[in-house]
Amino acid sequence: MTRPSSRLAGFYQRPLAERVATLCDLAGGAHLSEASRTWLQRGGGLDLATADRMSENVVATAALPMGLALNLRVNGRDHLVAMAVEEPSVVAAASNAARLVRLGGGFVGDADPPVMTAQIQLDDVPDADAAPARLAAGAARVLAAGDAAIPRMVARGGGCREACARVLDAATGLVVVEVHVDVGDAMGANLVDSVAEAAAPVVQELLGGRIGLRILTNLSRRRRARASCEVPADALGGDALADGIVRASRFAELDAARAATHNKGVMNGIDAAAVALGQDWRAIEAGAHAWAAETGRYRPLATWTRTATGVRGAIELPLAVGTVGGGTRAPGARAALELCAVASARELAVVLASVGLASNLAALKALAGEGIQRGHMRLHRRRLDDGADGADDHADATGHPGGTP
Ligand code: MEV
């Protein structure tokens, strides 16, 4: 895989057509397929015939600007991250923060194996308290039934790995059986739903009761990604700003109302990249917020602590993302995946976690420094200049001017 540098100095100052030409020529052009190059040169988008095949009752396509987050280095490798988002500051904010993180060596991170979880609900299970032991005794049959439903994934090395039962309400015999499935480089929702439906009759034979829902959980606890970074205080603008970022993080740790906004800033980056990369961003959102509340209290997904020389940030969240199947087949998503230059769904998850951490750093740096409104008003003026209304548009307020040096 050809991997161009993500540090493209002055990129934002060039005219759009020149940016596309630069992008296509990077690393001798070897990082992009002919189809992706053509897609970029045509200005992106989705033709109506493809759109009509992708959804129902199609009458048009809705467009978003796609920008590139620059400067991202993760585990020593560079990634150009496409972001599709209407909010003008998101791409610049992530790029600027990634540039600061790069000064401290870039992001480091890892992701769990791509294991998703199917849930099978059973009601009226007799002797529910004994259900976990009965399921354990017959787990091999459950896994075999699940694997039979996804033979191609099994042939590629994935498949059902573990099955267990949890009693949710012994009085009414409500039991959930969970089947953990390695889905390889797919997001995996369809695979896991197939497993849930195929395994349910076997589960019922083992436990009795009535079959209820058979569906994946979007809280993919076993498929989490982590990233961390260190940024020197000098790069942030001094010790006062470094302290301010840590105090902002503490505020989010102690207050759910602040944590919601803090996490919105994290998801600004992750969602925008997920949309460009053809991922199921609703699933990512559902998983992220369920994880944020995992301890029983809603908490920040990313936190910051002081080091001797600056700050250290860390993020962890479930990230069910794929590099094959689903929305990744769309031409724009293929181009975005090629630019991102990831070898696997796991690597993509670490990149997305890093983008979330970068977006969070940009927001906290602005909030702890000049405040969010100054950059916001600059963008607001730009919108008015463009003839747009722009009123009450707090969504623009990541406090960053348009440039990505
Ligand atoms: C705005 O899109 C995102 C912020 O509100 C995030 C935050 O407050 O941390 C700036």
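Author: Quick definition before we start: a helix here is a DSSP run of H or I at least four residues long, and helices are numbered from the N terminus. Keep in mind that the model is predicted.

Reader: Okay, which helix gives the largest share of the lining of the second largest cavity?
Author: That cavity holds about 30 Å³ of space. Its lining includes A283, I284 and G287. Helix α12 covers residues 281–292, and the largest share, 3 residues, comes from helix α12.

Reader: And how many charged residues are in the lining of that second largest cavity?
Author: The lining residues are N218, S220, A283, I284, G287, P318 and A320. By class they split into 4 nonpolar and 3 polar, so with Gly counted as polar, the number of charged residues is none.

Reader: How many charged residues sit in the lining of the largest cavity?
Author: The largest cavity has about 50 Å³ of space. D112, R223, R224 and R346 are among its lining residues. Asp and Arg count as charged. Next to 6 nonpolar and no polar residues, the charged ones come to 4.

Reader: N71 has a positive phi although it is not a glycine; is N71 buried or exposed?
Author: Its phi is about 75 degrees, and N71 is found in strand β1 (residues 66–74). The relative accessible area is 1%, and the cut-off for buried is under 20%, so N71 is buried.

Reader: What about D127, buried or exposed?
Author: D127 also isn't a glycine, and its positive phi is about 50 degrees. You'll find D127 in the loop between β4 (115–123) and α5 (131–137). Its relative accessible area is 55%, and anything over 50% counts as exposed, so D127 is exposed.

Reader: How many residues apart in sequence are the parts that R77 and E347 tie together?
Author: The two side chains meet in a salt bridge at 3.0 Å, N to O. R77 lies in strand β2 (residues 77–84) and E347 in helix α14, so the pair bridges a sequence gap of 270 residues.

Conventions. Residues numbered from 1 in each chain as written. Predicted model: local features only at pLDDT ≥ 70, side-chain atom pairs only at ≥ 80, totals over all residues. Heavy atoms only, no water. 1 Å grid on protein atoms, 1.4 Å probe; cavity = no way out; pocket = protein on both sides within 12 Å on 5 of 7 lines; lining within 4 Å. Points joined across faces, edges and corners; volume = space filled by probe spheres on them. Helix = DSSP H or I, 4+ residues; strand = E, 2+ residues; numbered from the N terminus. Buried < 20%, exposed > 50% of the residue type's maximum accessible area, 1.4 Å probe, protein only. Salt bridge = Lys/Arg side-chain N within 4 Å of Asp/Glu carboxyl O.
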